[in-house]
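Keep the structure open as you read.

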Amino acid sequence: MTSQVTGPLTRAAAAGAAERQPLLRANVGPEQQSDRVRQRIVMEVTDAARRHWIWVVPLFLCFVVLAALALWGLIRAIIAVLKYEGVPCDVPLNMYLVVLVVWKLFSDWILKLIQFYSGNNASVYARIPLNIPSWCIIAWGFYMVQSSESCAKTNPDLFYDTRDFIYIHACYSFVHLWVSIACIFGYRWVLRLFMQMSATPGCVAAVRKLPKISKDSEELIDRDTGWVMECSICISSLATDEVVVQAPCGHLYHEECLVPWCQSHSDCPLCRAQIGDLDPSPASGSTNV
Ligand SMILES: [Zn+2]
Ligand SMILES: [Zn+2]
């Protein structure tokens, strides 16, 4: 989970960094570090969701019901296409599912290629633009349903079953899109939300006082690989305009990634070493965010 050295960071700088005081790091590779932090975050979020089940469960059930309805609508639409494909219809509704499935298979293949050449992070971001053709197909389906003059009479099974699937699929895709956008672009917001649900105190004030590492510092270079290190919380490069802080244990994070974590923790997400003193109270901790 490292990215190629760019800008002022070079392999020569990496060699220089190797001669300096080595960073205190866990005895695992960067990929394992990120996996370890991810596992901890997932456990914490699961635990927070369990404690706040009263509103998490209804939301989850709504999503499950919507997904089940979409699946049911899909099965009905497939059966209708197979059974009534030869019956006259003034719009090509029988092609809707075919186009949708072909695009789905093609976009999955593109995602696998992106994942293979550019890593998991790039493939996650690529999902958003790859959604655009899917929405165009849904819009095409809406247009066919609205513009059809006789299909409801000549081929009612195909018309109504495909129409119902288009509607429910649009609803499901809409919810899925916004959940994806929230998780991808609002990752820190989602993390902050779940960490705020925890009753345990944090150390946000201590994080704000941690030493800052400049974006062209040699400290950001992995001395083993010569590549820029990544923040183990968001799995993004540390060599950006974002403020990077160094925990007392030596691990580096974006400040804005460590703050949400430390709203309910006072230890390093990776090695569990103490980061700083607890905030005086949850209220005073949150005012520092
Ligand atoms: Zn980060
Ligand atoms: Zn640490």
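pLDDT is the predictor's confidence in each residue, on a scale from 0 to 100. This is a predicted model, and the mean pLDDT of the chain is 81, with 84% of its residues at 70 or more. Where is confidence lowest, and where is it highest? Helix α1 (residues 11–19) has the lowest confidence, at a mean of 40, while β2 has the highest, at 94.

**The cores**

The largest nonpolar core contains 31 residues. Val207, Leu220, Leu238, Tyr253, Leu258 and Cys262 have the most contacts inside this core. Which elements each supply at least two of its residues? They are α8 (187–196), α9 (204–208), β2 (244–246), β3 (252–254) and α10 (255–261). Helix α10 gives the largest share, four residues.

To see the packing around one member, pick Val207: leaving aside residues up to four places away in sequence, Val207 touches Val245, Glu255, Leu258, Val259, Cys262, Ile275 and Gly276. There is also a second, separate core of 18 residues, with Leu97, Leu100, Val145 and Phe159 among them.

**Helix α7**

Phe159 also belongs to the list of buried residues in α7, which holds Leu158, Phe159, Asp161, Thr162, Arg163, Phe165, Ile166, Ile168 and His169. The helix runs over residues 156–185, and at 1.5 Å a residue its 30 residues should span 44 Å; the end C-alpha atoms lie 42 Å apart, which agrees.

Is Ser173 buried or partly exposed? Ser173 counts as partly exposed because it has 16 C-beta neighbours inside 10 Å. Not counting residues up to four places away in sequence, Ser173 touches Ser134 and Ile138. Ile138 is 35 residues from Ser173 in sequence, and their C-alpha atoms are 9.5 Å apart.

**A backbone detail at Arg272**

Most residues other than glycine have a negative phi. Arg272 has a phi near 65°, a positive value in a residue other than glycine. Arg272 sits in the loop between α10 and α11 (282–286). Why does Arg272 count as exposed? A residue is exposed if 12 or fewer other C-beta atoms lie within 10 Å of its own, and Arg272 has 12.

Methods: Residues are numbered from 1 along each chain as its sequence is written. Chains are lettered from A and ligands numbered from 1 in the order in which they are written. This is a predicted model: local features need pLDDT of at least 70, side-chain atom pairs count only at pLDDT 80 or more; totals for chains, interfaces and linings use all residues. A nonpolar core is a set of buried Ala, Val, Leu, Ile, Met, Phe, Trp, Tyr and Cys residues joined through C-beta atoms within 7 Å. A residue is buried if 20 or more other C-beta atoms lie within 10 Å of its own, exposed if 12 or fewer, and partly exposed in between; C-beta atoms are placed from the backbone. Two residues are in contact if their C-beta atoms, placed from the backbone, lie within 7 Å. The expected span of a helix is 1.5 Å times one less than its number of residues.
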